[in-house]
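Here's a quick tour of one protein model. Have the structure open as you read.

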Amino acid sequence: MAKKTKKNINGSTSQSIEDLTLTDHVCSVYKDKKEQLAMVTPFIVQGLSSNEKCVYIVDERTEKEIIESFEKEHIHIKKFIKSRQFIFLTKKQAYLKGGYFDPDEMIEFFKD
C-alpha cells in the first residue's frame with residue numbers, strides 16, 4: 001500500500017504523522033518554541049490516542065512548558081502523566097545512563 005505524501009514548501013515530499021510506521025524516522029526543524037510545540041503536540045496526541053506510551057525527553061523546554069502547551073490546546077495531559085502513559089525523561093536518563101552515549105543501551109532502555 002502506498003504511503004500518503006504531501007509536498008512541502010520547498011517541493012520535497014513528507015508523510016503526515018498518522019501515516020508513520022514502526023520503521024519510519026521523524027525529523028523536526030523549527031525556528032522557535034511555537035513551531036516546536038506545534039509539531040510535538042499532534043505527534044504525542046496521536047501516540048496517546050493509539051494507547052501507546054509516549055516519552056518526552058526534556059531539553060530546551062521544561063516539563064511545565066510542555067504541560068502548558070497541551071493544556072492550551074485543551075488536551076488533558078495530566079491524566080496521561082498520572083497513568084504513566086506519558087512520561088518526561090532527561091537527556092541523562094534517556095541517552096547518557098553510563099555517563100556517555102551508548103546507542104545499544106539507549107535502544108534497550110526504550111524497549112523496556
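What follows covers a strand pair, a cavity and some salt bridges.

## A strand tucked inside

Keep in mind that this is a predicted model. Start with strand β4, residues 86–90: 4 of its 5 residues are buried, so the rest of the structure largely encloses it.

Its neighbour is strand β3 (residues 54–58), which runs parallel to β4 and is joined to it by 5 bridges. In one of these, Val 55 pairs with Ile 87 of β4.

## One cavity

Searching the whole structure for cavities of 30 Å³ or more turns up 1. The volume of the largest cavity is about 40 Å³.

Who lines it? Helices α4 (91–95) and α5 (103–111) each give at least two residues to the lining of the largest cavity, and α5 has the largest share with 3. The lining includes Tyr 95, Tyr 100, Phe 101 and Met 106. Sorted by class, there are 6 nonpolar, 1 polar and 3 charged residues in that lining.

## Salt bridges

There are 5 salt bridges in the structure. One of them links Lys 91 and Asp 59, at 3.6 Å from N to O. Lys 91 sits in helix α4 and Asp 59 in the loop between β3 and α2 (63–72), so this pair ties together parts 32 residues apart in sequence. Lys 91 is partly exposed at 40% relative accessibility, and Asp 59 is partly exposed at 49%.

Glu 71 and Lys 78 form another, with their closest N and O atoms 3.4 Å apart. Here Glu 71 is partly exposed at 36%, while Lys 78 counts as exposed at 52%. Then there's Glu 35 with Lys 31, at 3.7 Å between the closest N and O atoms: Glu 35 is partly exposed (32%) and Lys 31 is exposed (72%).

Definitions and conventions. Residues numbered from 1 in each chain as written. Predicted model: local features only at pLDDT ≥ 70, side-chain atom pairs only at ≥ 80, totals over all residues. Heavy atoms only, no water. Buried < 20%, exposed > 50% of the residue type's maximum accessible area, 1.4 Å probe, protein only. Pairing = 2+ DSSP bridges. 1 Å grid on protein atoms, 1.4 Å probe; cavity = no way out; pocket = protein on both sides within 12 Å on 5 of 7 lines; lining within 4 Å. Points joined across faces, edges and corners; volume = space filled by probe spheres on them. Nonpolar A, V, L, I, M, F, W, Y, C, P; charged D, E, K, R; others polar. Salt bridge = Lys/Arg side-chain N within 4 Å of Asp/Glu carboxyl O.
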